[in-house]
Amino acid sequence: MNIQALLSEKISQALMAAGAPAESEAQVRQSAKAQFGDYQANGVMSVAKKLGMPPRQLAEKVVEALDLSGIVSKVEIAGPGFINLFLEKSWVAAQVDHALRAPKLGITPVTPQTIVVDYSAPNVAKEMHVGHLRSTIIGDASVRTLEFLGHNVIRANHVGDWGTQFGMLIAYLEKMQNEHAAEMELSDLEQFYREAKQHYDEDPAFAERARAYVVKLQGGDEYCRRMWRKLVDVTMAQNQITYDRLNVTLTERDVMGESLYNSMLPGIVADLKDKGLAVESEGATVVFLDEFKNKEGEPMGVIIQKKDGGYLYTTTDIACAKYRYETLGADRVLYYIDSRQHQHLMMAWSIVRKAGYVPDSVPLEHHMFGMMLGKDGKPFKTRSGGTVKLSDLLDEAIERAGKLIKEKNPDLSEEDLKQLVNAVGIGAVKYADLSKSRTTDYIFDWDNMLAFEGNTAPYMQYAYSRVASIFKRAAIEPASLQAQPLVLNEEREITLATRLLQFEEVLTTVAREGTPHVMCSYLYDLAGLFSGFYEHCPILSAESDEIRNSRLKLALLTQQTLKTGLDTLGIETVERM
Ligand code: ARG
């Protein structure tokens with residue numbers, strides 16, 4: 001049920017009936033204060049202006065034409081022409097009942113779109129770092145939400161698996177294999193990369209070999225391809241361990257690395273030249289973009305092919321957007337990449353649009369995010385100033401969560417303890433990131449993220465387990481409640497029920513804007529409302545069976561909403577905590 005959409009539609013109809021031009025916006029929002037009702041329509045003012053009519057007069061005409069019988073108990077015109085809507089509690093109760101019975105908590109089926117989501121995108125022979133962590137976690141929450149709504153999502157892991165560095169990496173892998181006879185384990189990728197680079201810088205014969213391998217690899221040489229594959233496979237196998245630990249839905253099948261677009265690049269460059277978009281400039285092939293100015297105020301040039309014939313990161317992103325539309329059939333493409341790459345994407349897409357590779361009707365969206373900072377406000381680093389390895393970060397999360405949980409639950413079984421520690425430790429790292437508006441930098445702070453108070457994973461997981469435990473204590477099968485009537489009397493019951501019904505509005509916002517923190521805030525609010533309700537409206541000791549069953553139904557929908565919401569975020573729940 002999407003109350004906001006339902007009311008918007010009704011108010012829009014009434015606006016038209018009152019003489020508003022087509023496409024006039026009803027502007028229906030959840031009210032900020034209970035005195036203004038549950039929802040507010042604010043569209044009257046701007047329409048009245050267009051019509052040259054006093055807004056309150058238009059509001060009256062709208063209210064007259066409005067048919068919300070059975071849905072709304074009271075309509076009020078307030079201030080200059082706001083329309084305040086108060087929901088009918090029997091309608092709210094019926095919707096809660098419906099949500100409990102219908103699949104997917106009663107959300108409205110969508111017209112499925114094919115949505116490509118570009119996220120995670122680590123680089124080969126490099127360790128995943130904190131920037132990839134943010135992209136991976138936020139992107140995955142977005143993917144889960146879109147899929148839950150019913151869209152057809154294609155995960156695109158744009159792995160950095162191509163470029164001139166592969167000559168050096170292959171040459172080094174070869175050297176290692178020769179020296180160690182046995183199969184190489186690239187257990188420490190950072191170190192491998194560093195050593196390869198060192199050999200390249202210090203050993204001219206090695207550098208020579210490396211350069212030859214680049215050419216061979218690009219020419220499709222079988223030996224070089226095989227060595228390259230090995231580097232990609234080893235890296236991705238390690239990353240897969242991290243994805244699985246993180247409860248992230250990416251698999252090897254989702255890898256669509258830069259190399260995938262390599263064969264498209266010569267054609268793209270030729271086509272951009274044919275279309276008059278690309279020109280030769282100082283030996284390179286460049287697209288000049290009027291809408292981006294350099295320091296001198298001249299159109300900025302984007303190099304798409306270097307003097308030596310090599311292609312660039314941007315050329316690949318041009319090809320990749322084209323591929324996602326043409327071959328994958330995308331209706332929409334979402335990119336979860338840090339904000340420092342914003343201009344790069346804007347320039348690549350500007351070329352994509354000019355060349356007509358992706359029509360304007362298919363949005364290319366950069367869902368960017370800021371940097372992860374340490375407590376000191378500087379980029380997040382190890383104590384010695386190095387990049388923080390993701391696996392080390394997760395180990396630390398588990399260790400810290402372990403200490404905390406053991407203290408609180410001294411008599412948990414080994415098995416339960418392990419599961420709980422994992423859910424809380426990993427959940428804390430993920431939730432801390434997901435709960436902040438993603439566009440800003442964010443401060444990574446262990447103590448905050450592991451706190452049992454506030455908008456944190458442990459708090460949300462605890463809130464969930466508390467609701468779940470009610471059913472265990474009541475020794476009641478949730479299914480047996482189905483036939484029981486739901487009546488809402490107390491203010492707290494009605495508030496909780498109304499908020500539960502707003503779940504779909506939140507899902508829709510997250511899907512549209514790619515902002516999982518909106519879901520976190522909602523779930524946090526919901527948990528708080530439930531707490532207040534539980535304290536003031538006794539469930540198991542309610543004065544009658546009818547009230548008890550009604551309240552159990554509210555508890556049940558709360559439990560399911562918390563679980564489903566946390567699921568869309570990729571946060572695990574536990575039944576006992
Ligand atoms: N591999 C890149 C990096 O580590 C991120 C790639 C993002 N996706 C893209 N289509 N450019 O910075």
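Which residues does UniProt list for "domain: Arginyl tRNA synthetase N-terminal"? The unreviewed entry lists residues 1–87; UniProt positions follow the numbering used here, feature names are shortened, and annotations may be inferred rather than shown by experiment. This is a predicted model, in which local features need pLDDT of at least 70 and side-chain atom pairs count only at pLDDT 80 or more, while totals for chains, interfaces and linings use all residues. Residues are numbered from 1 along each chain as its sequence is written.

View 1. Helices (H or I, at least four residues) and strands (E, at least two) are DSSP runs, numbered from the N terminus.

**View 2. The hairpin of β3 and β4.** Strands β3 (residues 72–78) and β4 (residues 82–87) run antiparallel and are joined by 6 bridges; two strands pair if DSSP finds at least two bridges between them. V75 stands opposite L85 in β4. There are 3 residues between the strands, and G79 takes a positive phi near 50°.

**View 3. An open sheet of 4 strands.** The order is β6-β5-β10-β11, with parallel pairing. The edge strands, β6 (152–156) and β11 (364–366), each pair on one side only. Between β5 (residues 114–118) and β10 (residues 332–335) there are 4 bridges, and D118 has Y335 in β10 as its bridge partner.

**View 4. The residues around the ligand.**

Methods:
A residue is near a molecule or strand if its C-beta atom, placed from the backbone, lies within 6 Å of it.
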